[in-house]
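Here is a friendly walk through one structure. Please have a look at the view first, and then read on.

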Amino acid sequence: MNNMRVAVIVKPNHSGLPQEIEILSQCHHRNIAPLLHSVVEESHYGIILPYLQRNPKGGTTRTQYARDILQALQYLHESLGVLHGDIKPDNIMYSAEEGRWMLIDFNHAEILPAEPGGVRKVYGVRGTRGFMAPEVENETEGYDEAIDMWSLGRTLQVCFGTPTCSAEPSWDALRKLVQRLLITKPTDRPSARMALQLLK
Ligand SMILES: Nc1ncnc2c1ncn2[C@@H]1O[C@H](COP(=O)(O)OP(=O)(O)OP(=O)(O)O)[C@@H](O)[C@H]1O
Ligand SMILES: [Mg+2]
């Protein structure tokens, strides 16, 4: 950690081992802020992450932003079976050292149950209004990682607006992807892997 700028984030602790620490300590991916250290007290916990920026100085393309977060989501959903649960612009930051976007804030993340019959659902309202998938807002019968895909669709829409054309070569692919991410029926939304293919 020599000469490395870090951020110390302190949050209230509602359980013995906070879910955020449990999940973040399993994450090893270039687009997820690495957990450098954590401290758990009865009432609060703290996590130490590399210092990230809200906006990069030189800017990055919209496509890089989308790709970086899709790669993080593909890893979370496929390799760890975890949903993030609170995808929104505030929880996506930029590492100037590494030159890439990273996902933060795993306070709403949850491990999807791996049921032999194939039903993988979690329950309860989570996330941030305005970015919540419809099946979370009207939660009656559970949901899965497709909620993150909707929230990413909203995030891209909010960050970039919806102009009809742009100089960026893959803008049209990105615009179409946003439309597909915002499909109401969760099973009709593309997965992170499919979304990355659509951006190629
Ligand atoms: N690695 C970091 N570098 C710089 N600032 C950070 C870093 N991580 C978090 N922050 C700042 O701290 C804010 C709060 O962190 P975080 O998103 O983890 O928690 P939260 O949104 O306050 O709480 P909750 O966990 O309840 O959603 C972020 O929105 C960001 O402004
Ligand atoms: Mg946050």
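This is a predicted model: local features need pLDDT of at least 70, side-chain atom pairs count only at pLDDT 80 or more; totals for chains, interfaces and linings use all residues.

Residues are numbered from 1 along each chain as its sequence is written, while chains are lettered from A and ligands numbered from 1 in the order in which they are written.

**The sheet**

Let us begin with the strands (DSSP runs of E, at least two residues; helices are runs of H or I, at least four residues, and both are numbered from the N terminus). Three strands form an open sheet in the order β1-β3-β2, with antiparallel pairing. The edges are taken by β1 and β2 (37-40), each with a single partner strand, so one side of each has no neighbour in the sheet. On average, neighbouring strands of this sheet are turned by 15° against each other, direction ignored. Two strands count as paired if DSSP finds at least two bridges between them.

In the pair of β1 and β3, seven bridges join the antiparallel strands, and V8 stands opposite I48 in β3. Between β2 and β3 (residues 44-50) there are four bridges, again in the antiparallel sense. Here V39 has G46 of β3 as its bridge partner, and S38 stands opposite I47 in β3. A hairpin of three residues leads from β2 to β3.

**Two helix contacts**

The table sets out how the helix axes meet. Axes are lines fitted to C-alpha atoms, for helices over the stretch in contact, and angles run from 0 to 180 degrees between N-to-C directions.

| Helices | Axes come within | Crossing angle |
|---|---|---|
| α2 (residues 62-80) and α4 (residues 146-160) | 11 Å | roughly 165° |
| α4 and α5 (residues 171-181) | 8 Å | roughly 135° |

With the angle of roughly 165°, α2 is roughly antiparallel to α4. For such labels, angles under 35 degrees count as roughly parallel, over 145 as roughly antiparallel, 65 to 115 as roughly perpendicular and the rest as oblique. Residues are in contact if their C-beta atoms, placed from the backbone, lie within 7 Å. The contact brings together R62, A66, I69 and L73 of α2 with D148, L152, L156 and F160 of α4. These residues divide into six nonpolar, no polar and two charged; Ala, Val, Leu, Ile, Met, Phe, Trp, Tyr, Cys and Pro count as nonpolar, Asp, Glu, Lys and Arg as charged, and the others, Gly among them, as polar.

The angle of roughly 135° makes α4 oblique to α5. On the α4 side the contact uses M149, W150, L152, G153, L156 and Q157, and on the α5 side L174, V178 and L181. By class, this contact has seven nonpolar, two polar and no charged residues.

**Around the ligand**

Which residues come nearest to ligand 1? Of the 14 around ligand 1, they are A7, L49, L52, D105 and N107. A residue is near a molecule if its C-beta atom, placed from the backbone, lies within 6 Å of it. The shell around ligand 1 has eight nonpolar, two polar and four charged residues. Strand β1 (residues 6-12) gives the most to this shell, with three residues.

Technical notes:
Two residues are in contact if their C-beta atoms, placed from the backbone, lie within 7 Å.
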